[in-house]
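Q: I'd like to learn how to read this fold on screen. Can we go through it feature by feature?

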Amino acid sequence: MLLQSTTNPLIDLSRKTNGTQDRAEFAKHVADGLSQHPKKLSSRYFYDAKGSKLFQQIMDLPEYYLTRAEYSLMQRHRSAMVRAFAAGGFFHLVDLGAGDALKTKLLLQELERQQKPFDYVPMDISGSAMQELSKDLQQAHPDLHVQAVVAEYITGLQWLEQHLTERKVVLFLGSNIGNFEREEGLEFISQIRRHLQPGDLFLLGVDLTKDPDIILAAYNDASGVTAAFNLNLLERINRELGGNFDLDDFKHFALYDPQLGVMKSFLVSQCEQEVYLEANQARYSFAAWEAIHTESSHKYTLPQATEMGRSAGFELVTSYLDEKGGFADMLFKAI
Ligand code: TRP
């Protein structure tokens, strides 16, 4: 389905049909997650309007090094990246989870500066983000051909299938891979590989293992923005599903396991309580100090991430690091 727009039309592959269905799906996810032991809520629901604003604030926090590290490594290495991308001639630059494409814009500028032939295919679940990005790029890069796709990751890969024989460079930045459990991350990269041809390139953003105190602080900032971001999930359930979570009865808790390399975020019930959800006409009970798992952020060593790529059918071309060596954009080639 094509959406009308003043710029390039968006390709909309999102299954979203109407708000009622969205709400029903959200309600079902919450019911499933809160009925399990241990309890969990899906991190895909963090990013409503308020959550997206809070995440912008997280990215500006002194403790949240991830975004700045990847931005600065791109500034540092973009010239080499662009030479590697364009060595085989024209290509589609496919950006999975593009958002506002803040980091990718560094590459777009450099690609134009080096006059490389390519087009840009940003993909994101947010239709409004893709509308804005298309508009914005038409102003800043009037000669650039942009084809934005609105889709979840897996659905977006359909686009790759339709352009199977054309050269592609796929970006998966921002350490989004870290939000998959390890086996799921490997499965996801394998799926990407299945939509590529030998020789196609894949650039993977990876937050590397480092001093555990630095990692923990990034997810447990002193000013409490991350706590507010995590708690907004309950607020959203109250707003959209008629829940009666009392936010004062829950607290944000974060821990880092340096052996497994995983950062975990929780919402902990500070007392024994029941919460009612209108949408499900059901009650969910919490024991005192029972926790809901809301997100995992996996950190990798360079060898671990190299091995994950290899298992998925890629060989490592090179790893671009930030100056502190804490974040990597790893360039893989499909074999
Ligand atoms: N997914 C991002 C990450 O892992 C976003 C994030 C930052 C986050 N802080 C958080 C998710 C706290 C849940 C809780 O870095």
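A: Domain bounds come from an automatic or database domain assignment. Here the assignment for the protein chain gives domain 1 (2-10 + 96-210 + 299-334) and domain 2 (21-63 + 212-298). This is a predicted model, where local features need pLDDT of at least 70, side-chain atom pairs count only at pLDDT 80 or more, and totals for chains, interfaces and linings use all residues. Residues are numbered from 1 along each chain as its sequence is written, and side-chain values use heavy atoms, with hydrogens and water left out.

Q: How far apart are the C-alpha centres of domain 1 and domain 2?

A: They lie 27 Å apart. Contact means heavy atoms within 4.5 Å, and 12 residues of domain 1 contact 14 residues of domain 2.

Q: In what order do the four strands form the open sheet?

A: Strands (E, at least two residues) and helices (H or I, at least four) are DSSP runs numbered from the N terminus; two strands pair if DSSP finds at least two bridges between them. The order is 3-13-10-9, with mixed pairing. Strand 3 (39-40) and strand 9 (250-257) are the edges, each pairing on one side only. Strand 9 runs antiparallel to strand 10 (residues 262-269), joined by eight bridges; His252 has Leu267 in strand 10 as its bridge partner.

Q: Which residues of helix 6 meet helix 7?

A: Tyr153, Ile154 and Leu157 in helix 6 meet Phe188, Gln191 and Ile192 in helix 7.
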